[in-house]
Amino acid sequence: ADVSLIGPMPTPAIAYLTHTLRADAGIVISASHNPYYDNGIKFFDRQGKKLADEIELEIEAQLDETMACLDSDRLGKATRIGDAPGRYIEFCKATVPRGFTLRGMRIVLDCAHGATYHIAPEVFTELGAKVVAIGADPDGLNINDGVGSTHPELLQARVIEEKADLGIALDGDGDRVLLVDANGRLVDGDDILYVIARARLREKTLRGNVVGTLMTNLGLELALRELGVGLDRTDVGDRYIIERLLQNQWNLGGEPSGHIICLDRTSTGDGIISALQVIAEVAQTGQPLDELVNGVEKCPQILINVSLGNAIARDVMQLEAVMAAVRDAEADLGAEGRVLLRPSGTEPLIRVMVEGTRSEQVERLSRQIADVVSASVS
């Protein structure tokens, strides 16, 4: 295979460049939102879309097979694409209306010491904003270390200190984003989805329902309903959101963690582009960020992680005592809440989530279920 190397770049930039350079595949080495020692590999197909689960499993299976090597005269060539950053910066800027400007806006930008460190500041500066960059000094080991979308506390404090209009927290590979309003309040993925959905409605470009996950707050579902928009839920994971969007030819979905999918702008989750869609709405409406998210009233939601020890999650979740505890909680909540039990994808845990309209009830029911699960595995 011939390989085009582009150096450190955000994951969504690889998706874009794979498609526009007509490559057969895109490959990223990335810790995503995790510490450096959790580096993994992400793949994109020639359209810049993530691979299906079955294809990834097939690749993993082949890793266990004996590898055959060709003679060196039959190997592909490696070249470097020097203008890759510039290409992607221009693509990001093209996702907002022509003539759009951030002139007069002060933004604090947290790059999580990750792959956006040399990209995101340029995007927002070239659009006219005064940018205060933090978390923009990667050394290969400090990615996501106390900064970025998984640790927004530093950004929240800095927005207030700088008297900024808002703050942007990206994760290490740039496919997630959270925002901070001028008061230092965190604006999560559910809030971001609401702002973009309302903007697309006004523009008459929203297609179908908005897609969320099992973790999407009930408050967003109710807020979208007020706008006349439905919410479809998938399993947790941006790949499942994209699958649902493509199946129905819809164009907007996302997760509370900040994975936002705008298929009318790009083929995968992109933190820079998602932030731009919200900031464009701030600029065009003249409303500050805190006012734009006022329509979403979050419902109390409690998540408790219960250690499994040596037990198997599926077996525990099918125990009669556990199922009875869930049924009792659902009956208590009625139509004003949800109960969700799901195994962690990376740790020996069962996650117990209860959501409703009353904090006391949610706390009580989540603890009751967690106690039953814990007793079942002890």
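Modeller: Gladly! In this predicted model, the axes of helix H6 (residues 189–203) and helix H9 (residues 271–285) come within 9 Å and cross at roughly 60°. Helices here are DSSP runs of H or I with at least four residues, strands are E runs of at least two, and both are numbered from the N terminus. Axes are lines fitted to C-alpha atoms, for helices over the stretch in contact, with angles from 0 to 180 degrees between N-to-C directions. The crossing of H6 and H9 is left-handed, meaning that the near helix is turned anticlockwise from the far one by less than a right angle.

Now the side chains. From H6, Ile192, Val195, Ile196, Ala199, Arg200 and Arg202 meet Ser274, Gln277, Val278, Glu281, Gln284 and Thr285 of H9, where contact means heavy atoms within 4.5 Å. Sorted by class, the contact of H6 with H9 has five nonpolar, four polar and three charged residues. Ala, Val, Leu, Ile, Met, Phe, Trp, Tyr, Cys and Pro count as nonpolar, Asp, Glu, Lys and Arg as charged, and the others, Gly among them, as polar.

Two notes for reading along. Residues are numbered from 1 along each chain as its sequence is written, and side-chain values use heavy atoms, leaving out hydrogens and water. Local features need pLDDT of at least 70, side-chain atom pairs count only at pLDDT 80 or more, and totals for chains, interfaces and linings use all residues.
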